[in-house]
Amino acid sequence: MSATAPAPSTPRRRIRGGAGVRLAPYLFLLPFIALFIVFLVLPIVTAVWMSLFSVQRDGLGLGGSANELAFVGFENYIRAFQNAGFIESFGRVLLFGIVQVPVMMVLAILLALLFDSAVVKMKPFFQLSVFLPYAVPSVVAALVWGFLYQPRVSPIVEGLRDFGIPVDFLAPGSVLWSIANVSIWTVTGVNVIIIFAALQTVPRDMYEAARLDGASEFRTALQIKLPMVMPAVMLTILFSIIGTLQLFNEPMTMRSITSNITGDYTPNMAIFQATTLGGNINLGSAMAIILGLVTFALSILLSLVQNRRKGANV
């Protein structure tokens, strides 16, 4: 019996990372970084820069006049805060958000919980029906609902009048809530999908344990499902607040239907009026920076509230 000699082990080659290996992650990130700088950083820097200047016109416009870009510091910001329409637009969207965001979130949570339960049949059909309005452009949605709001042609208005209920959805006191209805109809579906997707990540063992303990579907949804998807709920609330401050398409489209929507009805409309219609891009830039700072402050406030709530639950 002869003993066989063990095969010589081949030495492992050590892969040394050169400059190309070290730069590979940054090369993959380069397209995103370039687009981020071009489409986000540069517009913000340009807006801040333009907000610090103003066009000074010399002469009486008889051929010897000249337009010069002069540094004015924070003068445009002062003029923005002195613009009554711009300040009132913030109060208008604040009232809009106080009503629209909670109503939309309650509907989104209820629909997501229903889709996650065993009560609803034909779930794919109803999920598609709820999400379908989000696929409709906001301008088209505003035009459709604007037709339904017009007193002379609206079947809804005519039907309510037949029951002795006179309504005017485009009146000064109700047009804001008519816009809120369009926004709720359009955006609720995507929030339902986000919350429903979060519900699918909840371990089903928790539901089985709750049923064994005698918990009802309502109690399971309230004490197990809802706390587990609270991060997704807070995310949708944050997106809804940002969307409320950026409200533009719906009121701008419905402005052609009713005169109760002014040119500075929302902050974005006031910026559009100052920049495009008024021809003052410097003042519009200052207004845009103010709107961005308000949006950023509300986002930070909501994040702090969420973190404090997490710390209290730990």
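Accessible areas here come from the Shrake-Rupley method with a 1.4 Å probe, and for residues only the protein chains shown count as cover. On that basis the protein exposes about 19,900 Å², of which carbon and sulfur atoms supply 69%. The model is a predicted one, in which local features need pLDDT of at least 70 and side-chain atom pairs count only at pLDDT 80 or more, while totals for chains, interfaces and linings use all residues. Residues are numbered from 1 along each chain as its sequence is written, and side-chain values use heavy atoms, with hydrogens and water left out.

The protein contains 13 helices and two strands; these are DSSP runs, helices being H or I of at least four residues and strands E of at least two, numbered from the N terminus. Of its 314 residues, 34% count as buried, that is, under 20% relative accessible area, as against exposed at over 50% and partly exposed in between, with a 1.4 Å probe and protein chains only. A contact means heavy atoms within 4.5 Å. Among contacts between residues at least 6 apart in sequence, 63% join residues at least 24 apart.

Let me turn to the pockets. On a 1 Å grid over the protein atoms alone, a pocket is an open set of points with protein on both sides within 12 Å along at least five of seven lines, whereas a cavity is a set where a 1.4 Å probe fits but cannot get out; lining residues have an atom within 4 Å of a point. Grid points are joined across faces, edges and corners, and a volume is the space filled by probe spheres set on the points.

The largest pocket holds about 460 Å³ of space. It is lined by 21 residues, and those closest to its centre are Ser183, Val187, Phe239, Gly243 and Thr244. Two or more lining residues come from each of helix H3 (84-116), H7, helix H10 (230-245) and helix H11 (249-254), with H7 giving the largest share, six residues. By class, the lining has nine nonpolar, 11 polar and one charged; Ala, Val, Leu, Ile, Met, Phe, Trp, Tyr, Cys and Pro count as nonpolar, Asp, Glu, Lys and Arg as charged, and the others, Gly among them, as polar.

The second largest pocket has about 330 Å³ of space. Its lining comprises 16 residues, and Leu94, Gly97, Ile98, Ile241 and Leu298 are the closest to the centre. H3, H10 and helix H13 (281-313) each supply at least two of the lining residues, and the largest share, eight residues, is from H3. This lining divides into 13 nonpolar, three polar and no charged residues.

What of the nonpolar cores? In soluble globular proteins, nonpolar side chains tend to be buried together. A nonpolar core is here a set of buried Ala, Val, Leu, Ile, Met, Phe, Trp, Tyr and Cys residues joined through side-chain atoms within 4.5 Å. The largest one has 27 residues, and Met105, Ala112, Ile195, Val229, Val233 and Ile237 have the most contacts inside it. H3, H7, helix H8 (204-212), helix H9 (217-228) and H10 each give two or more residues to this core, and H3 provides the largest share, eight residues. Beyond four places in sequence, Val229 touches Ile195, Ala198, Leu199 and Val202. A second, separate core of 17 residues includes Leu170, Val182, Leu247 and Met269.

I close with individual positions. Met269 is also one of the buried residues of helix H12 (residues 267-277), together with Pro267, Ala270, Ile271 and Ala274. After H12 comes Gly279, whose phi is positive, near 70 degrees.

Is Ser54 buried or exposed? With a relative accessible area of 9%, Ser54 is buried. Ser54 belongs to strand E1 (residues 53-58), and its C-alpha atom is separated by 5.4 Å from that of Ala70, 16 residues apart along the chain. Not counting residues up to four places away, Ser54 touches Glu68, Leu69, Ala70, Val72 and Asn282.

Ser285, in helix H13, is likewise buried, at 9% relative accessible area. Outside four places in sequence, Ser285 is in contact with Ala47, Met50 and Ser51.

Thr253 sits in helix H11 and is buried at 11%; apart from residues up to four places away, Thr253 touches Val139, Ala142 and Leu143.
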